[in-house]
Amino acid sequence: MPKWITQVGCPYCGSSCDDIEVLVSDDGKKILETRNACVIGNEIFHHVSSPDRPKKPRMRQPDGNFKEITYDEAVDYTAKTLLKSKKPLIYGFGSTNCEGMSAVARVAEKAGAVLDNCASICHGPSFLAIFDNGYPSCTLGEVKNRADVVLFWGCNPMHAHPRHTSRYSIFPRGFFTTKGQMQRTIICIDPRETDTAKLANIHLMIKQGHDYDLFDAFRTVLRGHDIPAEVAGIKKDQILEAVEKIKKGRFVMIFFGMGCCHTDGRNHNVDIAISLTRDINSHTKASIMAMRGHYNIAGPGQVWSWQFGFPYCLDLSKGTHAHMNPGETSSVDLAMRDEVDCFMNVGTDAGAHFPIDAIKHLKKRPFITVDPNICMASEISDLHIPVRVVGVEEPGIVYRMDNVPIQFKKVVDGPEGVPSDEELFDRIYERMCELTETEPIWLPSREHAKAPTAAEQ
Amino acid sequence: MALVTLKPYKTPELYLECYNISPDVFAGKTSAEIAELDVREGKTTVKLGDFFEVKGNAGKTPEETEIRVSGDCSRIKYIGNKMTAGSITVDGNADMYLGGWMKGGKIHVLGNVHSFCGIAMEGGEILVDGNAENYVGCAYRGDWRGMRGGTIRIRGNAGNDIGTFMLGGTIIVEKNAFIHVSTHAEGGTVIIKGDVQGRVGGQMVKGDIYVLGAVQHMLPGFKKVGMTEREVDGMTAKFTHYIGDLGERHLKVKGKEVYANLYVMAA
């Protein structure tokens with residue numbers, strides 16, 4: 001009898017839904033059906049059964065073709081390449097678990113690498129704003145139960161986070177929001193009429209690239225001053241109406257996305273949004289949250305902040321301390337300036353997401369991809385190492401967009417012989433220690449796990 | 001003044017981090033000792049002499065030491081890092097962090113500089129004959145105490161984030177600037193002699209900005225209060241006076257709020 005597994009986490013977007021139900025075949029190897037997942041999440045669960053999935057590392061040969069090699073050879077090549085490079089760049093981690101991120105940190109430290117995650121090309125500017133101005137945020141549970149005015153600034157959850165609106169932000173009925181959508185005022189700030197904007201009570205169709213000006217107008221009005229007749233393509237009356245709605249709200253929630261942190265000004269747009277949140281709090285309650293993209297992209301920020309003190313763009317090449325300064329130590333800048341001599345792409349697709357010029361620079365040196373699937377980055381790599389899919393074949397801790405940790409489950413067995421990210425990085429670390437004739441340093445918890453069990457003793 | 005000349009003869013494969021190119025480190029050293037100083041390329045430590053031909057001994061103190069880098073430093077970071085006295089001249093371009101955390105002395109770059117020029121500067125003088133990239137005289141990430149003193153003069157154009165979190169000192173950009181001038185500033189003076197695209201004085205608490213060209217997009221938080229005649233960098237002109245950022249918090253002195261000033265030259 002096929003078995004339904006409940007309360008499964010979905011390894012797709014930053015909403016990190018944990019209410020998925022998955023029907024697994026008798027032998028526990030194949031996923032037959034899913035419930036509750038959005039179309040994209042559903043696709044990810046079915047994708048693991050794809051017959052085209054690579055199950056062995058593939059190494060680029062002098063003739064340009066790939067040749068399958070063993071995991072030992074792949075681990076050896078990676079360890080040697082990382083040790084030989086003066087400044088390798090290890091980038092990615094949008095789609096893996098915190099255990100893998102923790103394991104790669106040991107490798108990066110040993111290699112004197114720059115360790116960066118997808119936030120670098122995503123919500124990195126939001127991090128800069130948070131460093132400068134704080135982060136008055138809350139959890140998605142609070143949004144569901146309390147928020148009655150919700151702003152979507154430069155984000156389109158109807159497409160990017162398909163179940164966000166139904167689970168947290170627009171439709172659900174919560175403790176103080178018993179009437180659901182009827183009780184919520186939705187304000188959307190977007191230059192396009194997106195599907196989220198169509199759901200909004202007020203849609204401010206802002207002139208692209210003028211977010212900062214509009215935030216400044218909101219703040220100026222909130223402090224009782226006059227503003228010009230038109231700001232960022234929005235009429236004064238519309239701004240006053242939106243501010244009035246915000247002031248009347250009992251709990252105002254601002255969600256912001258790439259439209260806010262990747263137009264001109266970047267971190268400053270988010271910075272002033274945080275200042276606006278602070279201002280609104282002198283009238284009513286307000287909170288702000290970044291619409292993080294991947295299901296565990298908040299994870300590296302948590303794990304590496306704990307390990308090194310910084311969430312991303314970590315330059316560990318100094319040996320004595322971690323240095324962080326996005327603009328210098330951020331992946332795309334490093335690539336464009338030819339500042340690194342080895343690139344490792346883990347659990348993301350730099351080939352698809354980086355500017356083509358950045359990839360051209362990176363391609364001059366060794367290029368390694370660690371990813372369960374074939375993607376653009378894997379196809380231009382010198383070495384592609386497949387791993388198990390987290391959330392489907394590998395359990396682990398993930399951090400949702402509101403920085404709430406969730407334990408994801410394993411629902412089916414991974415392909416035989418294919419390691420998890422954590423296992424792979426531990427093997428690379430051990431090999432690096434062997435090559436440098438040093439003792440590996442494991443965390444106490446890790447030593448504990450490696451210690452013989454009571455039965456073995 | 002004792003002159004030390006550094007002549008680059010080899011281009012690094014990546015970038016060199018030369019925290020040691022500073023009169024404070026060179027002082028009291030012979031040319032042979034200077035050539036033995038450490039520089040870093042990625043995770044490797046190499047010698048200054050591996051990349052530069054060093055001539056001349058340094059003076060006894062930083063004040064008596066003059067450094068001349070006669071060649072291009074496009075791949076050299078941290079020139080004049082934390083220097084307190086003496087002078088450095090670069091006969092070409094310089095990379096990131098030129099004069100970072102500088103407390104005194106003089107730096108003159110004949111070419112262009114990359115980003116973070118004069119980051120968290122406290123005193124001294126930086127003169128750049130060419131253009132500067134972004135973050136001229138800015139604060140380090142997360143620090144609310146930016147540039148506190150000294151003068152930065154860029155003879156060409158500058159990018160975005162000029163004088164972010166500035167508390168004191170002067171920045172002069174003789175041509176155009178992109179966006180974000182004196183964001184979050186609580187003091188200091190920025191003078192832009194050309195045009196600025198926008199976001200001048202956003203979230204600004206205190207301080208002065210002079211724009212001698214045009215501001216393409218004025219922030220809604222700035223209010224025109226009148227006309228005034230001011231002396232700027234040796235010339236006197238008529239300016240339109242704005243105060244702001246009205247959306248930001250401001251200190252009260254004798255019950256009256258003190259705003260930041262923006263002066264835009266009257267056409």
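Visitor: How many residues of strand E8 (residues 149-153) of chain A are buried?
Guide: Bear in mind that this is a predicted model. Val149(A), Leu151(A) and Trp153(A) point one way from E8(A), while Val150(A) and Phe152(A) point the other way, and all are buried. So the strand is largely enclosed by the rest of the structure, and the count of buried residues is five of the five.

Visitor: Which residue in E9(A) stands opposite Trp153(A)?
Guide: E8(A) pairs with strand E9 (residues 185-189) of chain A in the parallel sense, over five bridges. Within E9(A), the residue opposite Trp153(A) is Ile189(A).

Visitor: And in E13(A), what is the bridge partner of Leu151(A)?
Guide: Strand E13 (residues 251-256) of chain A runs parallel to E8(A), and five bridges join them. Leu151(A) has as its partner there Ile254(A).

Visitor: Over to chain B: is Tyr78(B) buried or exposed?
Guide: Tyr78(B) sits in the loop between strand E7 (76-77) and strand E8 (87-90) of chain B, and has a positive phi of about 65° although it is not a glycine. The cut-off for buried is 20 or more other C-beta atoms within 10 Å. Tyr78(B) has 25 of them, so it counts as buried.

Visitor: What is the omega of the cis peptide bond that joins Gly244(B) and Asp245(B)?
Guide: Asp245(B) belongs to the loop between strand E19 (235-244) and strand E20 (252-253) of chain B. The cis bond joins it to Gly244(B), with omega at about -20°.

Terms used: Residues numbered from 1 in each chain as written. Chains lettered and ligands numbered in written order. Predicted model: local features only at pLDDT ≥ 70, side-chain atom pairs only at ≥ 80, totals over all residues. Buried ≥ 20, exposed ≤ 12 C-beta atoms within 10 Å, placed from the backbone. Helix = DSSP H or I, 4+ residues; strand = E, 2+ residues; numbered from the N terminus. Pairing = 2+ DSSP bridges.
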